[in-house]
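Trainee: Could we go through this structure together? I would like to begin with its contacts and then move on to particular residues.
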Amino acid sequence: MIRISKRSFQFLILMGLLVTVCSLVIFPNKSVSAAKEGLSAGFGVILPSLFPFFVVSSLMIKTGAVDKLGKTLSPVVRWLFKTGSCGASAFIIGLLGGYPLGAKAVCGLYERGSCSKKEAEHLLGFCSNSGPAFILGACGAGVFQSSAIGLMLLGVHILSAVLVGIAFRFNSPPPSSAAIPKTNNEEFPIAFVNAVKDSFKSVLDICGFVIFFGVIMELLSLPSNLTGIFIEGFIELTSAIFSLSTLNLRLALPLCSFFLGWGGLCVHCQALSFMLPLKLKTGKYFLGKLLQGIISALLTFAICS
């Protein structure tokens, strides 16, 4: 296996940044045009479609509704995934809150001593998922303009996450017996105000990534064909999914499911920001995301056939 030293990696990053700066200077029209398209997608589709879902999901988390739901479903989750009771809350938060809240929830449980290091690494493989806000809003209503397609994509995404969790149970560590620490839930008026503020910031963050990676993809001059869209989706989820509107539905939908399951390197960087400070191994996380992408694509292809 080829190993890259830290110094060499930093040099590569520096060279990449220099090339990007030079490209922005040499091709200003391209970058400005791509940024405008990103703004149009962000504030014309993403913001109005995602914001209401983000507020509702955030309210469920802040008021403790997710914890109660997790406690109710913990026997089922323990049976399915062979994890401790903490796995239920992390899994539900990941499905409701979306990327990267699932990874953040697992890391928080590990920090509080609710699960072991190996159990946290195990949970990361299937608890970091796209939320219903993005799938129903941006994908279903925004890109494909169909609530039925949005529901289908959401169902496939949840099922694929469950199947990955079931597959991982055969190599799972002994479940931790530690209880989930009680959290101080917010009163509804406070939770509502904070949910609106936090959700607006989260949507703006997504819009920022869409704009930035849209510019980078334009500078890379990726072809607008299947290969170019696949490379784009491997790197950044949102901009690639908006590119799927140019493809045939029978091809676009399985690709969309793969992108949602995989998540993209941009999403993974956000998850790694929680995992690496805790020195958690990332092997199961990346294996789980790749496996979920493949399963999602196959399920969607079968449904569309």
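Mentor: In this predicted model, 77% of the contacts in the chain with a separation of 6 or more are between residues 24 or more positions apart.

Trainee: How many helices and strands are there in the chain?
Mentor: The chain has 14 helices and 0 strands. Its radius of gyration is 20 Å, close to the 19 Å that the globule rule gives for 305 residues, so the chain is as compact as a globular protein of that length. The C-alpha trace spans about 60 × 45 × 45 Å along its principal axes.

Trainee: And what share of the residues count as buried?
Mentor: Of the 305 residues, 47% count as buried.

Trainee: Which residues touch the most other members of the largest nonpolar core?
Mentor: They are Phe 144, Leu 153, Ile 241, Leu 244 and Phe 259, in a core of 70 residues. Helix H8 (residues 147-168) gives the most to this core, with 9 residues. In soluble globular proteins, nonpolar side chains tend to be buried together.

Trainee: Changing topic: is helix H6 enclosed or open?
Mentor: Helix H6 (residues 117-127) is largely enclosed by the rest of the structure, because 9 of its 11 residues are buried. Among them are Glu 119, Glu 121 and His 122, as well as Leu 123 and Phe 126.

Trainee: Which helices do those buried residues pack against?
Mentor: They pack against helix H3 (65-81), helix H4 (86-97), helix H5 (101-111), H8, helix H13 (265-275) and helix H14 (283-304).

Trainee: How many disulfides are there?
Mentor: A search of the whole structure finds 0 disulfides. Consider Cys 266: the closest cysteine sulfur, in Cys 269, is 6.7 Å from its own sulfur, too far for a bond. A disulfide would need the two sulfur atoms within 2.5 Å.

Trainee: Are those two cysteines buried or exposed?
Mentor: Cys 266 is buried, with a relative accessible area of 7%, whereas Cys 269 counts as exposed at 52%.

Trainee: Lastly, where is Ser 31?
Mentor: Ser 31 is in helix H2 (residues 28-62), and it counts as buried at 10% relative accessibility. A polar atom of its side chain lies 2.9 Å from the backbone oxygen of Pro 28. Leaving aside neighbours within four places in sequence, Ser 31 is in contact with Leu 24 and Val 215.

Terms used. Residues are numbered from 1 along each chain as its sequence is written. This is a predicted model: local features need pLDDT of at least 70, side-chain atom pairs count only at pLDDT 80 or more; totals for chains, interfaces and linings use all residues. Side-chain values use heavy atoms; hydrogens and water are left out. Helices (H or I, at least four residues) and strands (E, at least two) are DSSP runs, numbered from the N terminus. Buried means under 20% relative accessible area, exposed over 50%, partly exposed in between (1.4 Å probe, protein chains only). A polar contact is a pair of N or O atoms within 3.5 Å; within protein, one must be able to donate a hydrogen and the other to accept it, and residues adjacent in sequence count only if both atoms are side-chain atoms. Contact means heavy atoms within 4.5 Å. A nonpolar core is a set of buried Ala, Val, Leu, Ile, Met, Phe, Trp, Tyr and Cys residues joined through side-chain atoms within 4.5 Å. The radius of gyration is taken over C-alpha atoms; the globule rule is 2.2 Å times the number of residues to the power 0.38.
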